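Subject: Structure handover and notes

Hello,

Please find the structure below, followed by my notes on it. Keep it open while you read.

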Amino acid sequence: MPIRANYTTADEAVKLIKSGDHVYIQGSVSIPEVLVEALTRRGSELRDVRLYQAFAVAKGEAPYCREEYKDSFFVDSFFINNAVRNWIAAGNGSITPCFLGEVPGLFRDGTCPVDVCILNCSLPNRDGYVSFGMGGDLAVSAAETAKIIIAQINRQVPFSYGDPVIHVSRLAAAVEVDDPLVEVPTAVPTEKEIAIGNFIGEIIPDGATLQIGVGGIPNAVIRALHDHKHLGLHTEAMTDGLLPLLERGIIDNSQKKVMPGKSVTSLALGSKALYKFLDYNREIIFKDVAWVNNPMRIARNPRVMSINSCLEIDLTGQVCSDSIGTRMYSGVGGQVDFVTGASRSEGGLSFMAMLSTTGKGVSKIKPTLTPGAGVVTTRFQANYIVTEHGAVSLRGKDIAERARLLISIADPAARQSLEEAALERFGRAFTRRHYLK
């Protein structure tokens, strides 16, 4: 007979957390909100509790991000999300810069110790195992290394297969909840995003292995792949946009070398339709993000197509994806891992896609990055850059030629000033490109 979980109330469960503890809070769309709210209610009793969190989509700002709790909780983010963005910007928390795939190593070697891990889990299966696959990215290593695991046993969480599965006997405390997961509406691509998707779709070959992100541009790329064949999926994040490709067999994983026949991901976010699709679906495997994002493992797959977005790029190909000037906005995630893996994959390519201007009409292609902006993908790694005006490959191009190519896909209104900046910076090397073929 399976061992029954140690059920209690949320308020009783969080009494296991002490001042000075390092606490990991599960992310993706699986933030354990009931337990987080109970922990916040203990704020007046606690001091210096370090809260680790990473990529997530929250219902709103985190309840512990309030003035009265600034001495109770310190937010340590590996990828800034909407729940804590304003709090960190105000100086009440911070970000630890690292590739998301490296964070499990920080937990496992004790660099970032985990005293308590808080999870949002499915109902137990008949053998007493629960799944937390919607946010398996860092949660796998956090649960592995934590001294105490507290879980919501949530009938709204699907049971998914792979690494994020744990037996209820390992839970120090469990709380029964019926708390819907956050739903992320499928972004409908704009005309400009569709143009970007079409440029990328024309380059992606049949039999490619996809890594694709979240949002309008990724969904536009997916839309452009509906006539492709034998695609594979090995990606950090899975979204609703991929469902048509999976349901129609366009993604069949038949050409992959790593877990052939299976779609591999580390986390998922989307609608109830996606969550229902994932429930007890053995064709989708969730893995520790250190496993999924290992560049050498990624490279074993053929024709890896890494598709990511960025905030701005300079004329030499330096890509900023995590900050707006000096303000930290998000994080690196797996961008560099997949860019690296794609570069070593047979027939692999990486794409950095963005609209050519910000919402305020400012060019995202710039002479130099905004002061304070961080370089995420270096000029040595940049491959295809794509805007609504075209796709250019920087691979094997000298810096002056890169500038000319990037200007050709910049907003037309910005091209003259970019050319003037390139001429001043690169001199005759830039003007000679008119004549050299």
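A residue is called buried if its relative accessible area is under 20%, exposed if over 50%, and partly exposed in between (1.4 Å probe, protein chains only). By that rule R42, at 12% relative accessibility, counts as buried.

This is a predicted model, in which local features need pLDDT of at least 70, side-chain atom pairs count only at pLDDT 80 or more, and totals for chains, interfaces and linings use all residues. Residues are numbered from 1 along each chain as its sequence is written, and side-chain values use heavy atoms, with hydrogens and water left out.

Single residues

The element names below follow DSSP runs numbered from the N terminus: helices are H or I runs of at least four residues, and strands are E runs of at least two. R42 sits in the loop between α2 (33-41) and β2 (49-53). Leaving aside residues up to four places away in sequence, R42 touches V14, K15 and I17; contact here means heavy atoms within 4.5 Å.

K276 belongs to helix α9 (residues 272-278). With a relative accessible area of 69%, K276 is exposed.

Most residues other than glycine have a negative phi. N253 is not a glycine, yet has a positive phi of about 60°. It lies in the loop between α8 and β14 and is buried, at 3% relative accessible area. R303 also has a positive phi, near 50°, and is likewise a residue other than glycine. R303 is in the loop between α11 (295-300) and β17, and its relative accessible area of 25% makes it partly exposed.

Helices α6 and α7

How do α6 and α7 pack? Helix α6 (residues 191-203) and helix α7 (residues 216-223) meet at an angle of about 50°, with their axes 7 Å apart. Axes are lines fitted to C-alpha atoms, for helices over the stretch in contact, and angles run from 0 to 180 degrees between N-to-C directions. The two helices are therefore oblique to each other. Angles under 35 degrees count as roughly parallel, over 145 as roughly antiparallel, 65 to 115 as roughly perpendicular, and the rest as oblique.

From α6, the contact uses E193, I194, I196, G197 and I200; from α7, it uses G216, I217, A220, V221 and R223. By class, these residues are 6 nonpolar, 2 polar and 2 charged. Here Ala, Val, Leu, Ile, Met, Phe, Trp, Tyr, Cys and Pro count as nonpolar, Asp, Glu, Lys and Arg as charged, and the others, Gly among them, as polar.

Helix α7 is largely enclosed by the rest of the structure, because 7 of its 8 residues are buried. The buried ones are G216, I217, P218, N219, A220, V221 and I222. Their cover includes α6, β11 (209-212), α8 (243-247), β17 (304-309) and β22 (349-353).

Strands

Strands of a sheet pair through backbone hydrogen bonds, either parallel or antiparallel. Two strands count as paired if DSSP finds at least two bridges between them.

Strand β11, part of the cover of α7, pairs in the parallel sense with β17 over 4 bridges. L210 stands opposite M305 in β17. Strand β11 also runs parallel to strand β12 (residues 232-233), joined by 2 bridges, and there the bridge partner of L210 is L233. From β11, T209 and Q211 point one way and L210 and I212 the other, and all are buried.

Elsewhere, an open sheet of 3 strands has the order β8-β16-β14, with parallel pairing. β8 (161-162) and β14 (263-265) are at the edges with a single partner strand each, so one side of each has no neighbour in the sheet. The pairing of β8 with strand β16 (residues 284-286) is over 2 bridges, and F286 of β16 is the bridge partner of G162.

Helices α13 and α14

Helix α13 (residues 399-408) and helix α14 (residues 415-426) have axes that come within 10 Å and cross at roughly 175°. That makes α13 roughly antiparallel to α14. The contact is made by I399, A400, A403, R404, I407 and S408 of α13 with R415, L418, E419, A422 and F426 of α14. It has 7 nonpolar, 1 polar and 3 charged residues.

Regards
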